[in-house]
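The comments are to be read beside the sequence and the coordinates.

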Amino acid sequence: MVVNCYCENCRQVTGSTHSANLGMLAGSVTVTGDTVATYVDRTGASGLPFKRHFCSKCGTHFHSEG
């Protein structure tokens, strides 16, 4: 699934008006390395945790799950 999202959280992550997202089944991708960091965001309308994964060295956001 590919979608454009215009919610406040997605706009904040991209610094743009939207984010382009590729939806995949959980577990279909494995991310490894010692520079992976996670930020848990609970500011969405549902209040449920939304995890943002990024490189702790350069700050590049590469994966989200919620």
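1. Why does Val31 count as partly exposed? Val31 does so because its relative accessibility is 41%, and partly exposed lies between buried, under 20% relative accessible area, and exposed, over 50% (1.4 Å probe, protein chains only). Areas are computed by the Shrake-Rupley method with a 1.4 Å probe, and for residues only the protein chains shown count as cover.

2. Basis of the note. This is a predicted model, in which local features need pLDDT of at least 70 and side-chain atom pairs count only at pLDDT 80 or more, while totals for chains, interfaces and linings use all residues. Residues are numbered from 1 along each chain as its sequence is written, and side-chain values use heavy atoms, with hydrogens and water left out.

3. Architecture. The protein contains one helix and five strands, arranged along the sequence as β-α-β-β-β-β. Helices (H or I, at least four residues) and strands (E, at least two) are DSSP runs, numbered from the N terminus. Along the principal axes, the C-alpha atoms fill a box of roughly 30 × 25 × 25 Å.

4. Of the 66 residues in the protein, 14% are buried. Among contacts (heavy atoms within 4.5 Å) with a separation of 6 or more, 11% are between residues 24 or more positions apart. The protein exposes about 5100 Å², and carbon and sulfur atoms supply 56% of that area.

5. Surroundings of Val31. Val31 is placed in the loop between strand 2 (19-22) and strand 3 (36-41). Apart from neighbours within four places in sequence, Val31 contacts Val36 and Phe62. Val31 also belongs to a nonpolar surface patch of about 650 Å², made together with Val2, Leu22, Met24, Val29, Val36 and Phe62. Patches take residues with over 30% relative accessible area and no salt bridge, joining like charges within 9 Å and nonpolar side chains (Val, Leu, Ile, Met, Phe, Trp, Tyr) within 5 Å. The C-alpha atoms of Val31 and Val2, 29 residues apart along the chain, are separated by 20 Å.

6. The salt bridge. The structure holds one salt bridge, defined as a side-chain nitrogen of Lys or Arg within 4 Å of a carboxyl oxygen of Asp or Glu. Arg52 pairs with Asp41 in this way, with the closest N and O atoms 3.4 Å apart. The pair links distant parts of the chain, since Arg52 is in strand 4 (residues 50-55) and Asp41 in strand 3, 11 residues apart. Arg52 counts as buried because its relative accessibility is 8%, and Asp41 is buried because its relative accessible area is 4%.

7. The mean positions of the 5 positive and 4 negative charges are 1 Å apart. Lys and Arg count as positive and Asp and Glu as negative, without His and the chain ends; each charge is placed at NZ of Lys, CZ of Arg, CG of Asp or CD of Glu.

8. Two further loop residues. Thr43 lies in the loop between strand 3 and strand 4 and is exposed because its relative accessible area is 58%. Thr60, in the loop between strand 4 and strand 5 (61-65), counts as partly exposed at 44% relative accessibility. Leaving aside neighbours within four places in sequence, Thr60 contacts His53, Phe54 and Cys55. Thr60 and Val36 are 24 residues apart in sequence and 9.9 Å apart in space, C-alpha to C-alpha.
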